[in-house]
Amino acid sequence: MAMNFHQSAIKTRFAVRFVQAMKRLNKRRGVTTTDSYKRYRATRAAACASMASAVGPQRAWSRAVLSKTKRRRFQAISRKRRLINPRRNLGFGQEEDLRGLVPGGKGMEYCSLLSETAHYIRCLQAQIQVMTDILHHSSSLN
Amino acid sequence: MSSRRSRSRHSGSSRITDDQINDLVSKLQQLLPEMHSRRSDKKSATKVLQETCNYIRSLHREVDDLSERLSELLENADTTQADLIRSLIMQ
């Protein structure tokens with residue numbers, strides 16, 4: 001439950017994964033450049049998956065993201081979790097809103113929703129920082 | 001053995017206390033940019049949750065925007081990966 005957040009390690013892992021994903025997208029140039037919206041969607045998805053992958057499967061929110069992309073591998077874990085943590089608190093209003101915003105939030109009990117939200121926010125902040133750095137770096141090269 | 005443990009989960013240890021929730025809510029509050037600055041007044045949990053939702057939405061929009069700008073780079077720039085990562089790690 002403690003917030004030991006290895007921000008710099010997560011940032012580095014995210015940067016490596018995201019740049020690799022961008023590189024792969026770049027190789028598929030023919031497919032991705034024809035449609036700018038498709039290219040944007042692919043980049044957005046890569047950013048999301050790279051962040052979850054940098055965090056690893058020990059967090060509920062990252063597990064929820066990973067289970068979408070690597071369904072087969074993580075299905076067993078997430079199903080088990082859902083059995084252990086039944087929807088104890090369905091919530092309403094703000095809480096329900098929050099459940100819709102945090103990946104996997106719908107199946108969490110209230111306490112883990114709060115701690116997963118805190119972790120998720122810090123990851124989004126780190127993600128934004130790294131993506132801004134990449135953008136600045138790339139535009140300084142051009 | 002493991003099944004027995006999971007069956008007895010209702011009793012005692014897994015009970016959530018108000019203190020635990022208050023602690024988590026205040027941790028959340030510290031992450032919010034607007035609420036962090038005027039931390040003197042303690043906000044209600046509902047207010048914190050509302051601000052949290054707004055903040056997550058704004059972070060999502062920022063990631064959307066950055067993704068769009070980065071995807072535009074895909075077509076022209078061909079930066080070398082090693083160089084890019086090296087510069088990121090140095091910071």
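Predicted model: local features only at pLDDT ≥ 70, side-chain atom pairs only at ≥ 80, totals over all residues.
Chain A has seven helices and zero strands, and its pattern along the sequence reads α-α-α-α-α-α-α. Of the 142 residues of chain A, 46% count as buried. The accessible surface of the chain comes to about 7500 Å², and carbon and sulfur atoms account for 53% of that area. Among contacts in chain A between residues at least 6 apart in sequence, 53% join residues at least 24 apart.

One partner of α4(A) is α3(A). Two packed helices are described by the angle between their axes and the distance between the axes. For α3(A) and α4(A), the angle is about 125° and the axes lie 9 Å apart. That angle makes α3(A) oblique to α4(A), and the crossing of the two helices is left-handed. On the α3(A) side, the contact is made by C48(A), A49(A), M51(A), A52(A), S53(A) and V55(A). The α4(A) side contributes W61(A), S62(A), V65(A), L66(A) and T69(A).

The view can now be widened to the nonpolar interior. In soluble globular proteins, nonpolar side chains tend to be buried together. Here the largest nonpolar core has 50 residues, and those with the most contacts inside it are F18(A), W61(A), L114(A), M131(A), I56(B) and L70(B). Both chains take part: α1 (7-27), α3 (36-55), α4 (60-69), α6 (94-101) and α7 (110-141) of chain A, together with α2 (18-31) and α4 (45-76) of chain B, each supply at least two residues of this core. The helix that gives the most is α7(A), with 14 residues.

Leaving aside residues up to four places away in sequence, F18(A) touches T43(A), A46(A), A47(A), S50(A), M131(A), I134(A) and L70(B). T117(A), for its part, lies in helix α7 of chain A. T117(A) has a relative accessible area of 0%, so this residue is buried. With residues up to four places away in sequence again set aside, T117(A) touches L98(A) and V102(A) in chain A, along with L28(B), T52(B) and I56(B) in chain B.

Definitions and conventions. Residues numbered from 1 in each chain as written. Chains lettered and ligands numbered in written order. Heavy atoms only, no water. Core = buried A, V, L, I, M, F, W, Y, C linked by side-chain atoms within 4.5 Å. Buried < 20%, exposed > 50% of the residue type's maximum accessible area, 1.4 Å probe, protein only. Helix = DSSP H or I, 4+ residues; strand = E, 2+ residues; numbered from the N terminus. Contact = heavy atoms within 4.5 Å. Areas by Shrake-Rupley, 256 points an atom, 1.4 Å probe, with all protein chains shown as cover. Axes fitted to C-alpha atoms, helices over the stretch in contact; angles between N-to-C directions. Parallel < 35°, antiparallel > 145°, perpendicular 65-115°, else oblique. Left-handed = near helix turned anticlockwise from the far one by under 90°.
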